[in-house]
Amino acid sequence: MESQQKFPRIFSLEFFPPRSPDAEQTFQRTLDRLAPLRPRFCSVTFGAAGSTREKTFETVCNIQRQQGLEAAPHISCIASTRDNIREVLEGYRSNGIRHIVALRGDMPSGMLSAGEFRYANELVTFIREETGDHFHIEVAAYPEMHPQAPSLDADLRNFKRKVDAGANSAITQYFFNPEGYFRFIDDCERLGIDIPIVPGIMPITNHTQIARFSEMCGADIPRWMRKRLEGFGDDRSAIRAFGLEVISDLCRRLLEQGAPGLHFYTLNQSEAVLGIWRNLGLDNPA
Ligand code: FAD
């Protein structure tokens, strides 16, 4: 873990683009509550195969212009052409955006053509070819392995391709086992990977939702956590209190052992992030 301790700590937030007037209101309220935390940047997700392209763009510009916070759009390349991606990059560049989260994304069901990019390392190479050093490029990392990878080792080598292509830093898929993250960092060190790898943090506020997300993305919910969550049944406030305690402990351990910051998957909700932030004393740095 030593190599990560030299990087300045970065605390960042992730949002998704709201798609209805109600969702827009919730997003604005959440942003107003979280903006005073002064995150280093706010990232905005990109729907499968560009389905939220305009909405992501609008949301990114809103965060950067209206809140004065640095905004970073996610861009996924699956099912895209070079011309599509060039246009998206130009749109961001001409609107003062300098930070991007570059992803492969997942093929939407029913879509047949994979487009001109196969993997995220090709997207990183393309962004560097087209725009030089204009953008700070984040990529995704998977301490518990990407669900489609044949092995941890293959996945790690594929992660290195993105770093070699020019990624500046990485955000991990969320996890609940800190040991897996520490081991992943040690493996990265052995391969000479020398960029900040910031843990992605998923607050727990809803049992069904966290079980569904974890099933999809391959995040392991430890048995003891699953049993406790099951025991709460429909008691939402007990689940929220438990989630706050468990995730605050996870974050504390990660930071104590040298993680270079935290990236919160807000799901456009403020309460859990504010609670964790307070528990960690981040609003009142010593
Ligand atoms: P890659 O790095 O390309 O990896 C995908 C798989 O291919 C892995 O199994 C890897 O081992 C393998 N692989 C990679 N390169 C090669 C190669 N050269 N040869 C052979 N195999 C290779 N999805 C969205 O749709 N929108 C979002 O906004 C979004 N945001 C995300 C943010 C974060 C922080 C994370 C962790 C994930 C996000 N995702 C998002 C999900 C992501 O798109 C999926 O996990 C997707 O399946 C993989 O994307 P990737 O960029 O990690 O792909």
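User: Which residues in α1 meet which residues in α2?

Analyst: Contact means heavy atoms within 4.5 Å. In this predicted model, Glu24, Phe27, Gln28 and Leu31 of α1 meet Lys55, Thr59, Asn62 and Ile63 of α2. By class, this contact has 3 nonpolar, 3 polar and 2 charged residues. Ala, Val, Leu, Ile, Met, Phe, Trp, Tyr, Cys and Pro count as nonpolar, Asp, Glu, Lys and Arg as charged, and the others, Gly among them, as polar.

User: What do the numbers and the model rest on?

Analyst: Residues are numbered from 1 along each chain as its sequence is written. The model is predicted, local features need pLDDT of at least 70, side-chain atom pairs count only at pLDDT 80 or more, and totals for chains, interfaces and linings use all residues, while side-chain values use heavy atoms, with hydrogens and water left out.

User: At what angle do helix α1 and helix α2 pack?

Analyst: Two packed helices are described by the angle between their axes and the distance between the axes. Helices are DSSP runs (H or I, at least four residues), numbered from the N terminus. Axes are lines fitted to C-alpha atoms over the stretch in contact, and angles run from 0 to 180 degrees between N-to-C directions. Here α1 (residues 21-34) and α2 (residues 53-66) pack at about 30 degrees, with axes 12 Å apart. That makes α1 roughly parallel to α2; angles under 35 degrees count as roughly parallel and over 145 as roughly antiparallel.

User: Is the crossing of α8 and α9 left-handed or right-handed?

Analyst: A crossing is right-handed if the near helix is turned clockwise from the far one by less than a right angle, and left-handed if anticlockwise. The crossing of α8 and α9 is right-handed. The axes of α8 (residues 223-231) and α9 come within 10 Å and cross at roughly 160 degrees, which makes α8 roughly antiparallel to α9. Trp224, Met225, Arg228 and Leu229 of α8 touch Ile239, Phe242 and Val246 of α9. The classes here are 6 nonpolar, no polar and 1 charged.

User: Which residues come nearest to the ligand?

Analyst: A residue is near a molecule if one of its heavy atoms lies within 4 Å of it. Of the 22 residues around the ligand, Phe46, Asp106, Tyr142, Asp155 and Lys162 come nearest. A backbone N or O atom of phenylalanine 46 is 2.7 Å from a ligand nitrogen atom. For lysine 162, a polar side-chain atom lies 2.7 Å from an oxygen atom of the ligand.

Note on methods:
Helix = DSSP H or I, 4+ residues; strand = E, 2+ residues; numbered from the N terminus. Parallel < 35°, antiparallel > 145°, perpendicular 65-115°, else oblique. Polar contact = N/O pair within 3.5 Å; in protein donor to acceptor, adjacent residues only side chain to side chain.
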